[in-house]
Amino acid sequence: LLSCEPGKNVIFSYQPKPQGATFALDRSDFISSNPKGDFAGADFTGGTKGLDQLTVVPADRNPILFRPSDIAVGPDGALYVADWFDPRVGGHTALDTTTSGTIYRIAPKNFKPQIPKFNPATIDGLITALSSPAVNVRFTGFEGLRAKGAGALPAVTKLMEHPNPWVAARGIWLLPHLGDEGIARAEALLKSDKPETVIAAYRALRRAGRDILPYAPALAASDNKAIRREVALSLRGLPADKTRNIFLTLAMAFDGKDKNEWEAIGLGAENKESEIWAHLREHMVQDGPASWTPEFVRLTWRLWPVAALDDLVTRGLSTSLSAAQRDFAVESISFIDDRRAADALIRLAAEDSPSRPQAARWLLQRGTGAWADFGLNAELKAKGIYDPEKIEVQAITVPEPPKESALPKLEEILTLKGDAKRGQVTAARCVMCHVVGTQGVDFGPALKGWGQGQTVDVIARSILSPSADIAHGFDGKVVKLKDGREVHGLTLSEGDPVIIRSTGGITQMIPRNRVEKIENLNRSLMFTPEQLGLTAMDVADLVEFLRAS
């Protein structure tokens, strides 16, 4: 895949590789005039910043001014790039008064263009067109062969033996249009041992208007995630009574990890979510809501089923679940676009609810967004969930770390032989911010399993210098109040009110009219070893404990 990025003077390239229900798309630069990244004249550089450096040298000789706007494959197999000479890109200002540019041809050295001639009135000519590297030419071939019907089947079948697998695959797309025998051959390909062949045949049959329900049950049981993705997407728009067992097969195979697979199930179940979810629950849940498997939890989150509200409330109130599990239940409710979902969150925002902070956060966030028409403000105030006049804000700050560490340097600590059992005892000092085992507060990243994938030096450094590498999503904020006080923590919402979670998991709602400004803390919210009273040996013990837990 090739993608033009004129603002960065580059054409990006990707080599897609199947990866579960999606593709790995590692990006590289296919061609660029600006490998040093000295960008200018684009929105992301800040308006007109850098335009002076673009106008010093004439546009046609300025290496930075390569503005690839489109790329295509020609019928000769070469790549053609349209380069637009404009000092400014981004959709807001066009400074090229001449509407000029260059078209580059990219081809091997000593390339001699050869465009095969073909007669579109003959089947052989149309096969030649279908084999073209240019999409517009092969479309001509496809349409012509489709019009020929069953008479084109022998030639299309032969094309499917082409040594180039991409050319061969074009024949699969034609099969369902080439009479009963063509349909039968496409159906036979659904049993291929090559997933890409199965997917192409299934898509071809579907796009040709064939009823996919006779094929879907067997393919839904495939051990290939990409095939299951295709089946899930194909169920969109089909009634629940004809698809619920297929969804059950897909759900039973879901491992709870592949986001694209559960997203495909969600898309396929659109407008029949509650019916599908109820069927899954009947067959996948043995006991009450607290017994749900991680896979069923994620499917429920994605399906947004009104039918799940009572069970989700039960999970949100359950003290047998972890804080993270309760929070996920609350989040699942918040995505359900129904007044009953708002009522469910109001129940969870009651004074004695363990999910009160999260429920209140989502009520306020959704109440001014997708749920604005529900008119929640008066009810939230009446139930004491959010009354800006009665809120008392507590100043909570994380003290500055000492400028000079009293502990030995990393290299010296790594020579100490730590003890995991002592480290477990020491880790009790971390529970005010982290979940350690089954204990602790869901504020910083959970520590269970984290150290198993890290080297000892990485673990030790994260303890000694928390600000050196802050985990994604845990960048601290400073909410500066108009009365001069500050609250440090993780902002969950910066609307009205501001919702912030601080050390110890304390979550506060701050009316926006009391806030002077919100800034980045620019350091970790985590205490240093000195602030926790840890010795060098304590750090070594913690490292061993985290490696083993």
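Guide: The second largest pocket holds about 980 Å³ of space. The model is predicted, so local features need pLDDT of at least 70 and side-chain atom pairs pLDDT 80 or more, while totals for chains, interfaces and linings use all residues. Residues are numbered from 1 along each chain as its sequence is written, and side-chain values use heavy atoms, without hydrogens and water.

Visitor: Why is this called a pocket and not a cavity?

Guide: On a 1 Å grid over the protein atoms alone, a cavity is a set of points where a 1.4 Å probe fits but cannot get out, whereas a pocket is an open set with protein on both sides within 12 Å along at least five of seven lines. Its volume is the space filled by probe spheres set on the points, which are joined across faces, edges and corners.

Visitor: What makes a residue part of the lining?

Guide: An atom within 4 Å of a point. The second largest pocket has 32 such residues, with Ser322, Ala323, Ala324, Gln325 and Asp442 nearest its centre.

Visitor: Which helix gives the largest share of that lining?

Guide: H15, with six residues.

Visitor: How do the lining residues of the second largest pocket divide?

Guide: Into 14 nonpolar (Ala, Val, Leu, Ile, Met, Phe, Trp, Tyr, Cys, Pro), eight charged (Asp, Glu, Lys, Arg) and ten polar (the others, Gly among them).

Visitor: What is the volume of the largest pocket?

Guide: About 1900 Å³. Its lining divides into 30 nonpolar, ten polar and nine charged residues, and H7 gives the largest share, eight residues.

Methods. Helix = DSSP H or I, 4+ residues; strand = E, 2+ residues; numbered from the N terminus.
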